[in-house]
Protein chains: 2
Amino acid sequence: MKNGQIKRKVKLAGMGRVLAGDAITFHGETRYRLLPGETLLDLVCLAAGRALEQADREIGDVDCIVCAMATPLQAIPCNAALVHERMAKGTEIPAMDINTTCTSFISALDVMSCMVEAGRYETVLIVSGDTASAALNPNQQESYELFSDGAAACVLTKAEQEEASEIIYSSQRTWSEGAHDTEIRGGCGLLPVFSMNEENKVDYYFDMKGIKILKLCARKLPGFVEDCFKEAGIRRDEIRLVIPHQASKALDIIMPRLGFGEGTYMNRVWAYGNMVSASVPYALCEAIQEGKVQRGDLILLMGTAAGLTVNFMLLRY
Amino acid sequence: MKNGQIKRKVKLAGMGRVLAGDAITFHGETRYRLLPGETLLDLVCLAAGRALEQADREIGDVDCIVCAMATPLQAIPCNAALVHERMAKGTEIPAMDINTTCTSFISALDVMSCMVEAGRYETVLIVSGDTASAALNPNQQESYELFSDGAAACVLTKAEQEEASEIIYSSQRTWSEGAHDTEIRGGCGLLPVFSMNEENKVDYYFDMKGIKILKLCARKLPGFVEDCFKEAGIRRDEIRLVIPHQASKALDIIMPRLGFGEGTYMNRVWAYGNMVSASVPYALCEAIQEGKVQRGDLILLMGTAAGLTVNFMLLRY
């Protein structure tokens with residue numbers, strides 16, 4: 001299988017982030033949920049506006065709008081068309097969705113950096129976020145108390161040769177033994193909305209089998225991470241900061257097993273939990289704004305996603 | 001805005017297609033819908049198997065599985081993870097979704113050909129198909145009698161320099177003035193499944209405003225098509241066959257206005273209607289199997305999609 005040892009001269013020119021407006025607490029940890037009348041579309045467009053501002057770009061400078069989100073806002077059209085309507089109506093900017101659930105942002109960076117490298121696009125707006133609260137099951141405590149609604153966005157541009165910024169390695173794998181460990185079975189093509197009844201209603205809620213996922217990760221992740229470092233020719237101590245998907249409280253159990261000690265990675269689960277596709281770009285944006293990551297620093301974006309999909313990307317910010 | 005004048009040395013190595021099992025007729029035209037117990041996942045995996053067979057490849061030869069579908073099978077995980085589970089379980093092939101609704105297949109070719117060109121992947125399985133029948137509104141005759149459930153797939157590979165096969169031009173635009181002309185408002189993030197009641201039930205059905213779409217297309221498409229031909233430096237008479245999205249019976253009205261006379265494009269709307277994301281790859285596969293397209297022929301894939309998104313791609317088969 002091919003992996004992404006290829007370098008791509010791209011730059012994260014600007015990022016933005018937004019949390020939903022309703023802060024609630026579970027056992028001392030804060031979670032954010034949409035206020036009445038607030039929508040995820042509001043949040044992603046706000047985050048996108050902030051990313052453009054930070055990048056000193058306007059929407060008209062963007063060659064492609066990509067929604068890297070795990071869940072649809074509507075079954076039709078794609079999310080990016082709805083973001084386009086809010087932010088770019090009257091323009092002709094192409095809009096598309098790229099989805100690998102929780103690691104959609106990393107996959108979209110991987111894909112769109114190749115398009116930028118190939119000369120197909122030059123400036124891409126990537127937005128992530130999910131309405132986790134739309135399908136949380138109040139009877140499944142573990143997941144009900146884990147997720148927040150939030151959004152984050154990034155302006156990806158071509159980098160000049162004299163700039164340090166580049167993606168130096170990326171790899172994705174999918175282990176579909178875990179395809180049903182994180183899922184929403186009902187509401188779409190396989191089990192339509194109109195088939196919902198009192199008996200199968202639970203199938204329309206988000207369903208997470210935490211222990212099964214942890215076991216699959218424990219079995220597969222260490223080898224994957226070792227392969228990536230070997231192929232990339234990079235050592236852990238060369239990395240300034242690891243931005244993992246904020247999957248769950250188990251982060252502090254898993255990361256040390258993968259060779260990442262305390263303080264080498266962002267753990268913000270206590271602060272806002274799992275924000276699905278927004279987790280990685282939100283934490284990255286936070287790290288940049290707090291000065292934890294500077295231009296030229298080598299960072300690692302990584303995470304697991306429903307699928308079970310894993311993504312690993314080394315980039316020089 | 002950037003367009004895709006860049007050449008990509010890629011080849012459609014094999015294609016496959018499948019119709020749902022239940023043939024029904026409306027006013028003498030045939031439509032196909034899923035039989036009880038049959039799922040869209042069955043169809044896309046069957047089509048993918050045929051594409052692999054025709055390409056003389058096995059699933060283990062594939063570097064990436066891409067679902068280029070308009071609608072989700074489940075809200076989580078992504079469609080490609082579910083296809084992976086059926087076809088590639090036990091492997092580590094990465095799986096992702098790329099979505100621009102009805103033109104998802106063209107967008108996926110555009111995106112993945114750049115990844116192949118960049119050396120990120122070498123062999124990509126792209127599958128398309130949608131469960132149109134899951135959300136058709138029996139009270140909206142125009143759309144209820146237009147759609148079929150079907151699937152099509154393609155193996156995209158690197159082409160050797162001595163082969164004629166290549167993508168020579170691609171362009172996508174989104175005009176979100178039409179974002180709500182083709183949509184399913186309910187069932188996902190913006191209007192969750194659990195918000196459905198007797199009063200808003202109609203919002204959970206597919207809704208198409210045929211006349212509005214036609215008017216927007218009439219205003220925008222001619223200029224778009226002219227721009228594409230000019231940028232690509234190609235004349236209409238150099239094209240062996242045009243494969244348009246089988247949007248509706250209006251195809252024979254729109255295509256001549258875009259300068260494509262009778263016999264220069266595939267019109268199969270009478271035979272199976274609109275198959276959403278499967279329309280373009282299904283008709284292309286049919287044209288290849290019927291000998292209407294030979295290796296080295298220049299073909300044009302084009303179409304409109306909910307969004308409103310348009311795609312235009314010139315490729316030498």
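Two strands pair if DSSP finds at least two bridges between them. Strands here are DSSP runs of E, at least two residues long, and helices are runs of H or I of at least four, numbered from the N terminus. Keep both in mind.

This is a predicted model, where local features need pLDDT of at least 70, side-chain atom pairs count only at pLDDT 80 or more, and totals for chains, interfaces and linings use all residues. Residues are numbered from 1 along each chain as its sequence is written, chains are lettered from A and ligands numbered from 1 in written order, and side-chain values use heavy atoms, without hydrogens and water.

Start where the chains join. Strand 5 of chain A pairs with strand 5 of chain B, antiparallel, over three bridges. There, A:Asp97 has B:Asn99 as its bridge partner.

Now zoom out. Which order do the strands of the open sheet take? For its 10 strands, 1(A)-7(A)-6(A)-4(A)-5(A)-5(B)-4(B)-6(B)-7(B)-1(B), with mixed pairing. Strand 1 (10-19) of chain A and strand 1 (10-19) of chain B stand at the edges, each with a single partner strand, so one side of each has no neighbour in the sheet.

Next, the interface. 77 residues of chain A are in contact (heavy atoms within 4.5 Å) with 77 of chain B. The buried area is about 6800 Å²; that is accessible area, 1.4 Å probe, lost on putting the two parts together, summed over both. Carbon and sulfur atoms give 64% of it.

Last, charges. Four salt bridges cross the interface, meaning a Lys or Arg side-chain nitrogen within 4 Å of an Asp or Glu carboxyl oxygen. A:Asp110 and B:Arg120 meet in a salt bridge at 2.8 Å, N to O.
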